[in-house]
Amino acid sequence: MAEALLEWYAEHARELPWRGTDDPYRVLVSEVMLQQTRVETVRPYYQRWMERFPTLAELARAPIDDVLQLWEGLGYYRRAHNLHAAARQIQEQQDGRIPYEARHLRELPGVGEYTAAAVAAIAFDQDQIALDGNLKRVLARLFAVDEPVDRPATARRLRGLALEMMPGGQAADFNQALMDLGARVCISGTPLCGECPLRAWCQAFKQGIQEQLPVRSAREAAPLVHRAALVVTKNSLVLVGKRPANAMLAGLWEFPRFEVNGQVGRQIENWAQANLGLGVKMGREIGQFSHAYSHFRVLERAYLCEWMSGRPRSEKHQVLKWVRLSGLSELPMGKLARSIATALAEVKTLHHRDH
Ligand code: SF4
């Protein structure tokens with residue numbers, strides 16, 4: 001079975017910018033970028049990253065703001081902070097050498113079981129299985145495993161089955177072959193069994209249950225959070241805040257915002273006074289922006305607010321500052337704040353009095 005898989009891979013491997021290398025730094029960066037993110041989205045980010053930080057030493061030397069700027073739009077920003085911290089840790093404590101064993105890789109910030117296994121297998125040919133959603137689907141079908149694949153016990157079983165099937169010392173090709181089979185042939189929904197090199201061994205195919213696998217535990221829908229964002233304007237300047245270092249979207253810039261219950265109404269002006277130390281006059285709505293994070297969804301309404309009085313202060317930001325509209329593009333931002341900034345660029349005038 002493994003031989004058929006590896007033969008297929010030799011002919012059908014995907015051409016990806018992070019393939020064909022066993023440089024552990026490149027493998028680490030690509031695997032972190034690929035967490036929760038599609039290959040086509042990662043491709044240009046990876047290329048820009050490698051031009052700017054071709055080595056671990058260069059990444060370790062770079063200021064975090066440069067790293068965040070390059071990451072902008074890729075989401076899950078904690079990954080960028082962790083990669084940067086991992087590079088510094090390896091540079092300072094391990095003489096710039098990335099560890100080759102999965103258990104040592106896991107000591108790096110942001111490197112979990114999957115990423116450690118992927119780097120150990122792909123860069124160092126260690127006998128590890130990088131078990132992500134794709135591999136779980138392929139393996140659950142191959143061995144007709146009908147237990148929910150999101151349970152740790154099922155994951156252990158699938159990993160064990162894959163390890164038994166893997167020829168020693170070929171972990172890099174074997175893992176990538178399974179990844180590519182999952183991306184190209186054993187796709188979710190209806191797999192392309194007619195093109196599959198493993199059809200003769202596949203238990204799900206034999207039983208005709210390939211479309212019913214894999215099974216997942218029933219999950220509750222992510223809750224929806226309603227928020228209001230304030231685009232406070234003062235002449236031709238707008239107010240933005242830098243998020244704290246230990247929060248979600250750490251170090252990124254945003255328009256001050258808060259969670260709302262029910263109608264926004266006067267909540268905005270009262271909130272600005274209490275939380276920003278500013279008297280503002282609420283203006284019109286700029287738009288509604290939504291985004292799904294891993295555990296919740298957000299619907300954010302953004303409002304123009306004209307500054308009336310006070311010096312901005314906030315406990316929820318490292319710093320608040322007034323910037324020109326043209327300066328917003330240079331600040332690293334999360335998805336929602338960037339959408340608001342883009343919509344702002346289309347607003348003809350910021351001032352209510354200018355209408
Ligand atoms: Fe997947 Fe079909 Fe191949 Fe089985 S035969 S591994 S279900 S593509």
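Me: In this predicted model, what makes Arg43 and Glu40 about one helical turn apart?
Reply: Both sit in helix α3 (residues 39-52), and they are three residues apart there, so about one helical turn separates them.

Me: And why is Arg43 with Glu40 called a salt bridge?
Reply: The closest N and O atoms of the two are 3.2 Å apart. The cut-off is within 4 Å, from a side-chain nitrogen of Lys or Arg to a carboxyl oxygen of Asp or Glu, so the pair qualifies.

Me: Why are Arg243 and Glu254 called buried?
Reply: Buried means under 20%. Arg243 has 11% relative accessibility, so it counts as buried, and Glu254 gets the label because its value is 7%. Glu254 also forms a salt bridge with Arg257, the closest N and O atoms being 3.2 Å apart.

Me: How many salt bridges turn up in the whole structure?
Reply: A search finds 15. Among the residues involved, Arg14, Arg19 and Asp180 are linked in a network.

Me: What makes Gly133 partly exposed?
Reply: Its relative accessibility is 43%; that lies between the 20% and 50% cut-offs, so partly exposed it is. Gly133 belongs to helix α9 (residues 133-142), and its C-alpha atom is separated by 48 Å from that of Glu306, 173 residues along the chain.

Me: Which residues touch the most other members of the largest nonpolar core?
Reply: Tyr25, Met33, Trp49, Trp71, Phe255, Leu328 and Leu344, out of 103 residues in that core. Helix α8 (residues 113-124) gives the most to this core, with nine residues. Apart from it there's another core of 16 residues, including Phe258 and Leu320.

Me: How does the shell around the ligand divide?
Reply: Into seven nonpolar residues, one polar and two charged. Cys and Pro count as nonpolar and Arg as charged; the shell includes Cys186, Pro191, Arg141 and Arg199.

Terms used: Residues are numbered from 1 along each chain as its sequence is written. This is a predicted model: local features need pLDDT of at least 70, side-chain atom pairs count only at pLDDT 80 or more; totals for chains, interfaces and linings use all residues. Side-chain values use heavy atoms; hydrogens and water are left out. A residue is near a molecule or strand if one of its heavy atoms lies within 4 Å of it. A nonpolar core is a set of buried Ala, Val, Leu, Ile, Met, Phe, Trp, Tyr and Cys residues joined through side-chain atoms within 4.5 Å. Buried means under 20% relative accessible area, exposed over 50%, partly exposed in between (1.4 Å probe, protein chains only). Helices (H or I, at least four residues) and strands (E, at least two) are DSSP runs, numbered from the N terminus.
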